[in-house]
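Work through each task before you read its solution.

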Amino acid sequence: MHTKNDLKNNVLKYILLLMPLYIYCNYKNGIILYEKNLINLFSIFKIEYLLLINLFLYVVCLIIFKKKIKIDMFFLSLFIIPIFMPYNINFLLYSLLILGLIMWYIKFSNSDFPVLPFLIFILGIICNDYLNPAEKNNLYAFNIFDLFFGRTSGALGSTNIFLGLIITILLTINNFYKISICLSSFVPYILLLIVFREYAYLFHGTNILSMLLLSPWLSYTPISKNIQIIYGLLVGIFTFFFTKYIHFYLGGILAILICQFLVYIVCIIKRKMI
């Protein structure tokens with residue numbers, strides 16, 4: 001059980017651990033493209049612009065509704081969301097949906113509805129353009145090393161598997177992570193990609209980081225270890241099939257949304273039975 005101070009400290013540590021993903025995004029989706037004259041200087045910092053929109057709208061809403069800022073899981077989600085956005089995101093649409101998310105949080109702060117994967121999925125479906133200019137023009141030739149370290153297509157900050165694994169290890173050491181969910185989700189995912197010979201899925205950064213960062217989200221996941229394992233297995237299975245048959249970039253997000261929504265429904269049913 002975490003106290004408020006524990007939660008605040010852990011959230012701040014988590015945010016600090018996310019910063020390498022932001023920096024890598026500046027390199028992959030910024031500096032490299034700028035050097036190839038594919039974008040202008042200001043476009044290097046696209047992911048930071050999204051974060052600034054989140055924080056600005058959050059602070060403005062808190063001032064309007066006379067609320068105090070809380071360093072909680074919702075505050076952390078403001079830093080997570082830009083990482084999973086498409087490269088070609090519509091800033092106006094993004095701002096409107098983030099504003100809606102913040103208003104929802106202010107009114108329903110105790111709700112366990114999985115609004116984080118829901119928002120990421122909706123924005124991904126509407127914008128649905130994950131390729132940066134170099135990827136669209138097929139200017140890259142990747143080897144396995146490149147793929148593992150993030151030189152592949154995907155959401156803005158969620159392609160670097162190496163950084164994702166480092167973040168996971170450090171979160172686990174700090175006891176702020178449901179590692180059983182993460183491990184159990186990878187077992188069926190890896191088995192299925194071997195059975196179906198979809199070996200490229202092993203380097204699908206957005207799927208991997210979705211399972212690493214979103215599937216164990218503390219607010220929307222089971223408490224019981226046994227249920228966590230079942231939940232993780234479902235995430236891994238759904239992620240593979242949704243990626244293969246529904247949406248290449250959003251398969252993992254949709255899998256997590258459905259599994260966390262099932263947890264939400266079960267919690268509601270349990271409350272009514274008490």
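Contact here means heavy atoms within 4.5 Å. Keep in mind that this is a predicted model.

**Exercise 1.** Find what covers the buried residues of α9.

*Solution.* Step 1: locate helix α9, which runs over residues 179-195 and has 17 residues. From first C-alpha to last, α9 reaches 25 Å, close to the 24 Å expected at 1.5 Å a residue.

Step 1: pick out its buried residues, using the cut-off of under 20% relative accessible area. Among them are Ile-181, Cys-182, Phe-186, Tyr-189, Leu-192 and Leu-193; Ser-180, Ser-184 and Ser-185 are buried too.

Step 2: look for the cover, which includes α8 (161-173), α10 (205-214) and α11 (225-245).

Step 3: follow the chain just past α9, where Arg-197 takes a positive phi of about 55°.

**Exercise 2.** Describe the lining of the largest cavity.

*Solution.* Step 1: the structure holds 1 cavity of 30 Å³ or more, and the largest cavity has a volume of about 50 Å³.

Step 1: list the lining, which is made up of Tyr-14, Met-73, Phe-176, Tyr-177, Leu-213, Pro-216, Trp-217 and Leu-218.

Step 2: sort these residues, and you get 8 nonpolar, no polar and no charged.

**Exercise 3.** Which element gives the most to the lining of the largest pocket?

*Solution.* Step 1: the largest pocket holds about 1800 Å³ of space. Of its 50 lining residues, the closest to the centre are Met-73, Asp-112, Leu-218, Ser-219 and Tyr-220.

Step 1: α12 gives the most, with 9 residues.

Step 2: sorting the pocket lining gives 28 nonpolar, 12 polar and 10 charged residues.

Notes: Residues numbered from 1 in each chain as written. Predicted model: local features only at pLDDT ≥ 70, side-chain atom pairs only at ≥ 80, totals over all residues. Heavy atoms only, no water. 1 Å grid on protein atoms, 1.4 Å probe; cavity = no way out; pocket = protein on both sides within 12 Å on 5 of 7 lines; lining within 4 Å. Points joined across faces, edges and corners; volume = space filled by probe spheres on them. Nonpolar A, V, L, I, M, F, W, Y, C, P; charged D, E, K, R; others polar. Helix = DSSP H or I, 4+ residues; strand = E, 2+ residues; numbered from the N terminus. Expected span 1.5 Å × (residues − 1). Buried < 20%, exposed > 50% of the residue type's maximum accessible area, 1.4 Å probe, protein only.
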